[in-house]
Amino acid sequence: MNEKAQRRARKKRVQKKGVQKSGVCAYCGKCAKLTRDHIPPDSLFPGPKPSTLITVPCCEKCRESTLKDDEYFKVAMTLREDTVENPDVKLLIKSVLRGLARPEGRSLSHALLGSMHRVNLITRSGIYTGTRQAYSVEFERLYRVIDRISRGLYWRSVRCPVPGTHFVESFQFWPGVDVLPEDFRKEIWDYLRAHKPERVGNTVFSLWEHTPMEREDIRVFLMCFYERVFFIGYVWPKGWKPAPQLTET
Ligand SMILES: [Zn+2]
């Protein structure tokens with residue numbers, strides 16, 4: 001084996017182990033031994049995993065700190081009335097339920113069962129149609145996952161971590177409610193309507209990325225999971241805009 005082939009084989013072995021050389025973590029920006037993280041988490045994709053999964057370099061501490069939130073995110077995205085018929089969710093659901101039954105999944109299943117409550121079902125036109133059981137969603141955990149995906153996507157585009165002068169914020173996007181500031185809301189929606197999303201893994205993840213006002217350091221990411229659940233993650237300078245308020249459109 002010549003030297004080039006040896007180098008290639010060594011690189012392959014290192015990649016297989018998931019450990020790379022030292023460098024800057026895409027999330028915390030610290031210099032450390034790097035591993036790789038998938039965004040969105042690869043556990044959201046049924047096997048065989050798509051070859052187009054997005055990976056970013058990160059330190060072991062950042063990667064490990066996200067595992068529980070990733071698991072929660074997967075449960076919250078798949079145990080939903082509006083994703084139950086999705087073909088990728090159907091492929092995943094057995095593993096989700098198995099995970100909840102395992103000893104390490106018990107605290108999560110107890111938390112879900114403990115939060116069960118009855119909710120009124122009201123149609124958009126305001127008609128009461130009965131009640132059903134629901135569990136409380138811990139949005140801050142979902143938003144931590146979306147924040148991390150936004151940081152990773154920012155790194156992928158800009159090739160540096162989100163600087164300390166900027167912040168990252170996430171919202172779930174509900175039809176009829178707009179979470180974006182009015183002055184560039186139209187620009188963003190016009191952009192999204194005119195562009196097709198990047199898709200990863202059949203119906204699992206769709207992404208629209210926009211740089212509003214042509215500012216390279218500002219990013220808006222619209223993400224859709226299982227073709228039903230939308231989140232917006234954005235990155236922009238602190239103090240540049242007031243935090244957007246939820247406003248009815
Ligand atoms: Zn890190």
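# Reading a predicted fold

Guide: This model is predicted, and its chain averages a pLDDT of 84, with 86% of the residues scoring at least 70. Over residues 242-249 the pLDDT is below 50, although this stretch has 11 contacts in the model beyond near neighbours in sequence.

Visitor: How many helices and strands are in the chain, and what percentage of its residues count as buried?

Guide: The chain holds 7 helices and 12 strands. Of its 249 residues, 24% count as buried, and residues 24 or more positions apart account for 57% of the contacts with a separation of 6 or more.

Visitor: How do you know that the span of helix α6 agrees with its number of residues?

Guide: Helix α6 covers residues 139-158, and at 1.5 Å a residue its 20 residues should span 28 Å; the end C-alpha atoms are 28 Å apart, so the two values agree.

Visitor: Why is Asn 202 called partly exposed?

Guide: Asn 202 has 15 C-beta neighbours inside 10 Å, whereas a buried residue needs 20 or more and an exposed one has 12 or fewer, so Asn 202 counts as partly exposed. Asp 217, in the loop between β9 and β10, is partly exposed with 16 other C-beta atoms within 10 Å. Leaving aside neighbours within four places in sequence, Asp 217 is in contact with His 166 and Pro 237, and its C-alpha atom is separated by 9.3 Å from that of Pro 163, 54 residues apart along the chain.

Visitor: Where is the kink in helix α4 centred, and how do you know that the helix span agrees with expectation?

Guide: The kink, of about 40 degrees, is centred on Ile 93. The 15 residues of α4, residues 87-101, should span 21 Å at 1.5 Å a residue, and the end C-alpha atoms are 23 Å apart, which agrees. Asp 88, Val 89 and Leu 92 are buried in α4, and α3 is included in what covers the buried residues of this helix.

Visitor: What is the reach of α3, and what covers its buried residues?

Guide: The 12 residues of α3 reach 17 Å from first C-alpha to last, close to the 16 Å expected. Buried residues in α3 include Asp 70, Phe 73, Val 75 and Met 77, and the cover over its buried residues includes α4, α5, α6, β10 and β11.

Visitor: What makes β10 and β11 a pair?

Guide: Two strands pair if at least two bridges are found between them, and β10 and β11 have 7 bridges, in the antiparallel sense; Met 223 has Phe 231 as its bridge partner in β11. These strands form a hairpin with 3 residues between them, and Tyr 226 in the turn has a positive phi of about 55 degrees. β11 also runs antiparallel to β6, with 8 bridges joining them, and Phe 171 is the bridge partner of Ile 232.

Visitor: Which residues have the most contacts inside the largest nonpolar core?

Guide: They are Cys 25, Cys 58, Phe 221 and Met 223, in a core of 38 residues. The elements giving two or more residues to this core are β2, β3, α3, α4, α6, β10 and β11, and α6 gives the most, with 7 residues.

Visitor: Which peptide bond at Pro 40 is cis, and which one at Pro 48?

Guide: The bond joining Ile 39 and Pro 40 is cis, with omega about -15 degrees, and the bond from Gly 47 to Pro 48 is cis with omega near -10 degrees. Pro 40 is in the loop between β2 and β3, and Pro 48 lies in the loop between β2 and β3 as well. Most peptide bonds are trans.

Key. Residues numbered from 1 in each chain as written. Predicted model: local features only at pLDDT ≥ 70, side-chain atom pairs only at ≥ 80, totals over all residues. Helix = DSSP H or I, 4+ residues; strand = E, 2+ residues; numbered from the N terminus. Expected span 1.5 Å × (residues − 1). Bend = angle between axes of the 7 residues up to and from the residue. Contact = placed C-beta atoms within 7 Å. Core = buried A, V, L, I, M, F, W, Y, C linked by C-beta atoms within 7 Å. pLDDT = per-residue confidence, 0-100.
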